[in-house]
Amino acid sequence: MNYIGSKNKLSDFIKQSVYQVVGKDLSNKTFCDLFAGTGIVGRNFKAETKKVISNDFEFYSFVLNRNYIGNHQTVEFENLIEELNSIVGKSGFVSEEYSENGKSERLYFSEDNGKKIDAIRQEIEKWRSSKKINEDQYYFLLCSLLEAADKVANTASVYGAFLKQIKKSAQKELELVPSNFEITENQHEVYNEDSNALIKKIEGDILYLDPPYNARQYGANYHLLNTIAKYDQFSPKGKTGLRHYQKSKYCSKIEVSKSFEELINNAKFQHIFLSYNNEGLMTESEIRNILSKFGKYDIFTTEYQRFRADKEENRNHKASGTTEYLYYLEKTY
């Protein structure tokens, strides 16, 4: 999935930094990914830790992580995927509100793919209600649908806008591909809560934080994935069909530092890592000052190519690369 802030390219850097501080044997450690997104970081620690705790406030993210982290034993899916891929598309909320030739004229999907999404989504829900599938299968199939829909979305990257014409990749027929997850003996925990509230209820050994860096709200950028995941009824707003979403304080220059310090203060974890970069709302000195209040502070850095979702002439930051910071706190008080 093409995702702003994805740590896929940085996952090895993060893991090696954790090893350097905590050691390579994590078999008795609980690892928490509090702002999980697509769950890349948590997945990389799933097999070698005692438990992964994964959380994100966005529901589409919860679905992804409920599958990739929450599912840890074999799920039967072959016949289910085959049945869903052969289903005939039907008109529904997605095709009417977000697809080609729909009543709202929003070109997020081709007409055929919009109707296919509606048909598959309704069938998955029907199977859950009739108990044809269990909760593990439900989230496995729903995750597979979200990823399949994202591959044929008619957008440049995020869902803040759609393209005026259906692009070539969006004309391809939607096809579910199994969202296979890693099998582990241990169980894991997945939450869909506000991070500053959840941190008061959990504890562990290693806490990884990857909050939003800037003013871009994930609830707006990925609203359509939330809509497919929830498949609820509401009145889409404006040209892009936004749903109501709660704005993150980590996207507010006024509130971010206070929220971050509150989170660190309430964290019951010895080892805390924070991913951030040199274009973030909080400065390096602000982060250092906050972390230094609670224990031993250190920092790791690496250079990598920045994500580009906008046009060159509209970009505030012209550089093609950015510096990724991985702050470390050994919390002692």
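Predicted model: local features only at pLDDT ≥ 70, side-chain atom pairs only at ≥ 80, totals over all residues.
**Stop 1: the largest core.** Select Phe109, Leu141 and Tyr222. These three touch the most other members of the largest nonpolar core, which has 53 residues. Helix 3 (59-70), helix 4 (78-85), helix 5 (93-98), helix 6 (111-129), helix 7 (135-151) and helix 10 (223-230) each supply at least two of its residues. Helix 7 is the top contributor, giving 10 residues.

**Stop 2: around Leu141.** Keep Leu141 selected and show its contacts. Setting aside neighbours within four places in sequence, Leu141 is in contact with Leu80, Ile81, Leu84, Ile124, Trp127 and Ile133.

**Stop 3: the other core.** Next, select Tyr213, Tyr276, Leu281 and Tyr325. They are among the 29 residues of another core, which lies apart from the largest one.

**Stop 4: helix 3 against helix 7.** Return to these two helices and draw their axes. The axes come within 8 Å and cross at roughly 125 degrees. Helix 3 is therefore oblique to helix 7. Their crossing is left-handed.

**Stop 5: the contact itself.** Which residues of helix 3 meet helix 7? On the helix 3 side, select Tyr60, Phe62, Val63, Leu64, Arg66, Asn67 and Tyr68. On the helix 7 side, select their partners: Glu135, Asp136, Tyr139, Phe140, Leu142, Cys143, Leu146 and Glu147. Colour this helix 3–helix 7 contact by residue type. It divides into 10 nonpolar, 1 polar and 4 charged residues.

Terms used
Residues numbered from 1 in each chain as written. Heavy atoms only, no water. Core = buried A, V, L, I, M, F, W, Y, C linked by side-chain atoms within 4.5 Å. Buried < 20%, exposed > 50% of the residue type's maximum accessible area, 1.4 Å probe, protein only. Helix = DSSP H or I, 4+ residues; strand = E, 2+ residues; numbered from the N terminus. Contact = heavy atoms within 4.5 Å. Axes fitted to C-alpha atoms, helices over the stretch in contact; angles between N-to-C directions. Parallel < 35°, antiparallel > 145°, perpendicular 65-115°, else oblique. Left-handed = near helix turned anticlockwise from the far one by under 90°. Nonpolar A, V, L, I, M, F, W, Y, C, P; charged D, E, K, R; others polar.
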